[in-house]
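Got the sequence and the model open? Let's go through the fold in a few questions and answers.

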Amino acid sequence: MGASKKKILIADDEVRLRILVKATLGDEYTLLEARDGMETLRLARTEKPDLILMDLGMPKMDGLAVCRALKMDASTRSIPIVMLTGKGSREDVLRGLEAGADDYFSKPF
């Protein structure tokens, strides 16, 4: 039996972005989807993905708050988090990195 696929959690309230990522990465990775911050926290804690691609602006809990919560939790702090967002000012990037994001990409990318 082959090795299992790595898991990526796509956390974005924008359906089109989740579809694009699924179409691009779906053959190579097991993809999990979250539509809001609370769902992102739940899935990260239960599924332990290998990577989280997360939007900054999500309902129920924004990406900065989710990032901080995950990086403070011993069971999830080692999961790399990449912020994907339409907010690309220098201040926005710094806030994302200070919250614990490992990298930051502005949309469109």
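A crossover counts as right-handed if, with the strands pointing away from the viewer, the path from the first strand over the helix to the second runs clockwise. Helices (H or I, at least four residues) and strands (E, at least two) are DSSP runs, numbered from the N terminus. This is a predicted model, where local features need pLDDT of at least 70 and side-chain atom pairs count only at pLDDT 80 or more, while totals for chains, interfaces and linings use all residues. Residues are numbered from 1 along each chain as its sequence is written, and side-chain values use heavy atoms, leaving out hydrogens and water.

Q: Which handedness does the β-α-β unit made by S1, H1 and S2 have?
A: Read along the sequence, the protein follows β-α-β-α-β-α-β-α-β. Strand S1 (residues 7–11), helix H1 (residues 15–25) and strand S2 (residues 30–34) make up a β-α-β unit, and that unit is right-handed.

Q: Which residue in S3 is the bridge partner of Ala 11?
A: Strands pair if DSSP finds at least two bridges between them. S1 pairs with S2 in the parallel sense over five bridges, and there Ala 11 stands opposite Ala 34. S1 also pairs in the parallel sense with S3 (residues 51–55), over four bridges. In S3, the partner of Ala 11 is Met 54.

Q: Why is S1 largely enclosed by the rest of the structure?
A: Buried means under 20% relative accessible area, exposed over 50%, and partly exposed in between (1.4 Å probe, protein chains only). S1 is largely enclosed because the buried residues in this strand number four of the five.

Q: Which residue's backbone nitrogen does the side chain of Asp 62 reach?
A: Asp 62 lies in the loop between S3 and helix H3 (63–72). With a relative accessible area of 35%, Asp 62 is partly exposed. At 2.8 Å, its side chain reaches the backbone nitrogen of Ala 65.

Technical notes. A polar contact is a pair of N or O atoms within 3.5 Å; within protein, one must be able to donate a hydrogen and the other to accept it, and residues adjacent in sequence count only if both atoms are side-chain atoms.
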